[in-house]
Every structure is written in C-alpha cells, then in structure tokens.
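Hi,

Here is the structure I promised to pass on. Have a look at it first, and then read my notes below.

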Amino acid sequence: MSDFTRRTKKWLIRFITPPRTLKITKVGWYFIALTFAVGFAAVNSGNNLLYIILGAMLSFIVASGVMSNIALRDLVITREISDRAFAKTPTLYRFGVKNKKRFFPSYLILLKDEAPFMTGGFLTYLGPKGEEFPVVEALFPKRGPFALGNVAVSTSFPFGLFTKGMKRSIDEEILVLPRIREVDPEGFDLRGWEGEVVVSKSGHGGEPWGVTEYFPGDNPRHIHWRSTAKRGDIMRKEFAEESERKITIRLIVSDSNSEDEIEYKIEAAASVAVRFIRGDYAVGLIIGSEFLKPAKGMGQLEKILEALALFSPGRVTAAPPVIDEADTGAIIDV
C-alpha cells in the first residue's frame, strides 16, 4: 500500500467517523424522563414556575454537552509500555495525557485501550498546560506480536448525565515474550551435565569440577580434606574452566504436540534460559533450523526470548542446523 493510499484511507476514516461519541448514563435517562414530565405538565397547566424549572433542566443538558466538549478538547494522548512484556504476567504501562488548553482544565478523564486485556486509567483533574501519567496494567493472553490500536478517552463531567468520548489512534506494536516460570533444569533431558555445573575440562574457574591428586606447588587451600581422609593421600579440588560454562537449549516439538504442549515447551525453554543467564552461563538456543551460539549477558537473553516469542509450529518441519558439538556445551532438550 502506497503512502498516498494510506493517507487517503486515514482521512476517509476520520471524515466518516464522528469526532465524539455520546452515551446516556442511567442518571441521564432519569433526568431526561423527568424533563419530559415537567415539560408536559408545564404545557398542560400553563404554570410559569414549571416553565422556569423546564428551562433550567434544559440548560443543564446543554451545559453538560458544552462542558464535556471543553474537557475533551486539546488532549494529547500517548502510551508508554515496556519492551519486556511477558505473556500471562501482569505488565505495568502508563498513558501520557497532556492538556494543551491555556485556561481550561479537564475533569474526570477515563482512558481505556480497546484491547480487552488492558485496563484503563482515570484522572480526576488535569490543569491547563498540565501533564499526567496514569499507570495501568495489561495481561497479555499469549506470546507473539500484538498491535496496540485505539485508546478511548471519555468523560462524564460535569453532571454525570452523559458520557462523551473520542478515540485516539496510537499505532504501536509490541512483542510479547513467553511466560517465565520456576523450573528445575534437571527435570529435562540433559547431556554433558553434572549437577549445577557443565563439565567439559579442568581449569581455574570458580566451580568445582572433580578431585585429583595434590602436587607440590598446588594451592593448599584447594585440598579436599574429605577425600584426603578417605583415601589416605592428599587430594585437591579441580575447577571447571570458566569458558566452558555454557549450555544450549534445544526446543523439540513435533506435529503430534498440541498447541498447549508447544506453548508449555516454549515457556520451559525461556525459563531455563533466564535461570542460566542469571547464573552467568553462556546460553545458546537451537530452534527449528536456527542456532544461536552460546553467549552471556542480557543481550543474549533478549535474542533467545525474541526467537521463542516469534516461533511458530509451522517451523518444526525445517531441517535442524548442522552444528559442532564443541560450540554447544551441554545440551538441554526441552
């Protein structure tokens, strides 16, 4: 679609869409019915007092429309939402509401995203040239990209007889990441794994790797006293090489897996990745035909979570990547 066509479409939508919506509240219906009753009584009786009351009631209706229009006029609405929204997990975000009017405040402003899983915000008062940032909550039902569309802005100011509203289009898309749960990695199929530490070779890292004989010149503080007492020879602890503290998560799904089972596996893979990135491991991912080499840090975690968030079951038929086992470290099949 060309830019001209897109602009034309937006203009037509704006042209045929009423700038304001109007909804009569329950109190408003009672007030309108009472106004008709007073008007009927005034016409039939000719009582001047009833005409004065009728005029006052009609003035209330007109004033309600004018003042609610003023409250909604010249409001600039923005939405600020975190880039790290997780499925089925409450996510806080906020609206930005700026009143560009020089002299008139706005009252009783209600903001509501059209998406049903996003709550609304409320402002009782926003002064002239003022700006507020009401915090609201979203609960995304699933992972993947979400298009966030219109924001409904309404007010029942001043008398609560009518709710007048308008819509603000905020074109924005967010990538919802898989839900993170508490998981035990040892509950999965592990290869090249021993307890909490990936075992590949001896080194000078900080994690115990095994026990071996003590040689002169070794650090005495590394003596393993329990093994020394048991064997009768001085034994020392070995440590895993820090560069070998890496794992690769392999997502295994098939056509026989249901949608819920696939989502469970994706959530498990994301949860395992978070657990080991926080443990200062280099973590990689094998998903479909893609292979993310193990790396450390939050940047790597974001790449893994984004790949899992965008994964679709249709990709399970792709051929697995050809990789060197030396690049993967330990492999966790999920």
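A307 sits in helix α6, which covers residues 298-309. Please keep in mind that this is a predicted model. With a relative accessible area of 14%, A307 counts as buried, because the cut-off for that is under 20%. Leaving out residues up to four places away in sequence, A307 touches L285 and I287. A307 and G144 are 163 residues apart in sequence, yet their C-alpha atoms are 9.9 Å apart in space.

With 25 residues at 1.5 Å each, α3 should span 36 Å, and its end C-alpha atoms are 37 Å apart, so the two values agree. After the helix comes D74, with a positive phi near 60 degrees.

Which residues of α3 are buried? They are L54, M57, S64, S68, A71 and L72. The elements covering them include α2 (26-45), β2 (75-81), β5 (106-113), β9 (144-155) and β10 (162-177).

Strand β5 is also where you will find S106. S106 is buried, at a relative accessible area of 0%, and its side chain reaches the backbone oxygen of A71 at 2.6 Å. Setting aside neighbours within four places in sequence, the contacts of S106 are I70, A71, L75, N99, K101, T124, Y125 and L126.

Definitions and conventions. Residues numbered from 1 in each chain as written. Predicted model: local features only at pLDDT ≥ 70, side-chain atom pairs only at ≥ 80, totals over all residues. Heavy atoms only, no water. Helix = DSSP H or I, 4+ residues; strand = E, 2+ residues; numbered from the N terminus. Expected span 1.5 Å × (residues − 1). Buried < 20%, exposed > 50% of the residue type's maximum accessible area, 1.4 Å probe, protein only. Contact = heavy atoms within 4.5 Å. Polar contact = N/O pair within 3.5 Å; in protein donor to acceptor, adjacent residues only side chain to side chain.
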